[in-house]
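The paragraphs below go through the ring pairs and the charges over rings.

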Amino acid sequence: MSLFLVGMPGAGKSFIGKKLSNFFNIAFYDTDEIVEKRAGKEIKDIFNTYGEAYFRKLESEALNYCLSLEGDFICSTGGGILEDSENMSRLKGQNTIYINKNFEDLLSNVERDKSKRPLLSGSRSEKLKVLFDRRKSLFESFPTVDFRSQEFVNENLPPLIYRIKNSYPDCFRSESVTLDGIHPIRFDPMKALKNVEEASGIVFLSESVKRIYGDFVENIDQFVLPDGERSKTSQSLNASWEYLIEKGVTRGSCITGFGGGTITDLTGFVASTFKRGIDFSFVPTTLLAQVDASIGGKNAINIGGVKNICGTFNFPEIVLIDPLITLSTGLEELKNGVVEGLKVALVVHNDKLILMNQLKRAKQILFNPTFDGLNQFVLQSVKDKMKIVNEDPYEKHIRKYLNLGHTYGHVFETTYKISHGEAVALGMIKKLSDSENVIISEYVNFFREIFSEDLNILKRDWTTEMTQKMFNDKKNTEDSVVFVNLKEPGKAFTENIRKEYFESNR
């Protein structure tokens with residue numbers, strides 16, 4: 001698989017190419033760099049010494065070299081490479097994408113760029129405009145990716161890759177895996193938007209997902225819900241039922257939850273209760289939803305500030321998981337997901353190699369994500385959770401262990417309005433900090449590192465309101481608060497602490 005990037009100076013072709021190269025762990029080539037290396041001179045010096053015609057000859061030779069290569073690679077080309085008709089013809093026969101930026105963004109980028117561009121010496125604005133107008137139609141003859149951001153960050157990778165895949169389905173190959181159990185899961189890298197597009201019925205999605213991916217699924221009926229926990233309310237539930245009535249949804253219909261855990265939670269609850277139950281499926285978009293919320297048939301809403309107090313056990317027709325899409329959510333949301341993935345690893349495994357590999361992948365996801373590392377983390381986490389859910393789908397015994405960190409976590413989440421993953425991490429820190437097990441300590445230290453700014457929450461006074469929230473936790477018995485703890489990795493247990501303890505130790 002080879003992919004060639006074309007576009008104007010300042011479009012960010014080389015930077016984007018390097019990002020794709022790093023993410024997929026494949027080679028990267030830049031025709032300008034090849035020219036400079038072969039000539040032993042910088043491009044500006046080649047222009048000054050030999051003229052533009054000689055540079056174009058070297059540029060074409062560099063392109064021909066890249067075209068002769070085998071294997072997987074990304075190639076960024078020079079801004080003027082298409083003005084040679086032979087180069088144009090060659091690139092027409094390749095996977096070639098036009099990285100499009102509007103003129104104002106291009107000008108801003110080249111003005112900030114300290115490198116000397118021979119064709120833009122003097123008045124950069126005027127000369128860039130001439131080049132832009134002259135080359136625009138050449139670029140637009142290729143599949144186009146509109147890139148509006150001034151700065152390319154990891155969140156930009158998924159929309160870019162999905163658009164490339166739309167144009168060249170064979171680019172960035174991946175394998176699908178189907179996991180059978182209490183409900184089927186299809187692990188489908190780089191297929192999220194294709195799966196939603198092919199979904200029948202109605203798609204429930206969040207405002208953020210609509211903003212980023214709405215144009216990919218514009219031909220499907222969409223019910224848009226608020227971001228975050230605001231979608232898991234009785235108001236959203238009523239609005240969802242009314243929307244389905246308006247659309248004439250029957251018991252033979254299917255709705256798809258396309259979003260994070262709050263969207264999948266609500267979608268499952270709506271489907272479970274509308275006309276006494278209709279089919280539903282999930283395409284989870286956050287790491288937290290992929291490794292936790294969308295798996296296992298738990299569907300719920302929040303009432304009176306109590307998390308997930310009203311809900312059902314009901315299983316989706318299928319969960320379609322594409323780890324790539326999770327990068328769109330940004331660093332803070334990725335932290336939520338790695339916490340839940342690591343939590344289930346601690347509950348399921350006592351194998352040091354598996355546990356340390358998951359921790360290594362988690363760190364990589366946050367600080368330098370790669371396609372393989374992200375896929376392996378999610379697939380392992382999904383297998384881990386399904387192992388428990390398949391054995392105990394209705395949380396009668398071992399599935400309760402997945403509540404590690406949650407008893408304190410839900411109180412922290414609703415009291416301090418922090419994210420679910422952060423709250424669970426704080427709950428695990430509070431419960432596991434005294435462990436003498438080396439691996440548990442490694443995990444706890446990682447949680448401390450990624451949520452260092454909010455560790456002070458653990459030092460704040462415990463209030464009567466927080467005690468009441470803890471008493472309302474659905475896992476409790478009549479007279480005790482139920483906590484999950486670990487003797488060591490893979491050996492979880494529950495402990496019941498009488499409510500009187502909390503009333504006397506506020």
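A charge sits over a ring if NZ of Lys or CZ of Arg is within 6 Å of the ring centre and within 35 degrees of the ring normal. Lys-431 lies in this way over the face of Phe-483, at 4.3 Å from the ring centre. Lys-430 lies over the face of Tyr-408, with 5.1 Å to the centre of that ring.

The model is predicted, and local features need pLDDT of at least 70, side-chain atom pairs pLDDT 80 or more, while totals for chains, interfaces and linings use all residues. Residues are numbered from 1 along each chain as its sequence is written, and side-chain values use heavy atoms, without hydrogens and water.

Rings of Phe, Tyr and Trp (its six-membered ring) pair if their centres lie within 6.5 Å; planes under 30 degrees apart count as stacked, over 60 as edge-to-face and the rest as tilted. The count by this rule is 23 aromatic pairs. One of them joins Phe-313 and Tyr-394, which is edge-to-face because the planes stand at 75°, with the centres 5.6 Å apart. These partners are 81 residues apart: Phe-313 is in strand E13 (residues 306-313), and Tyr-394 is in the loop between helix H16 (371-391) and helix H17 (406-416). Helices (H or I, at least four residues) and strands (E, at least two) are DSSP runs, numbered from the N terminus.

Buried means under 20% relative accessible area, exposed over 50%, and partly exposed in between (1.4 Å probe, protein chains only). Phe-313 is partly exposed at 35%, and Tyr-394 is partly exposed at 42%. The rings of Phe-446 and Phe-447 have planes at 50° and centres 6.3 Å apart, so this pair is tilted. Phe-446 and Phe-447 are both buried.
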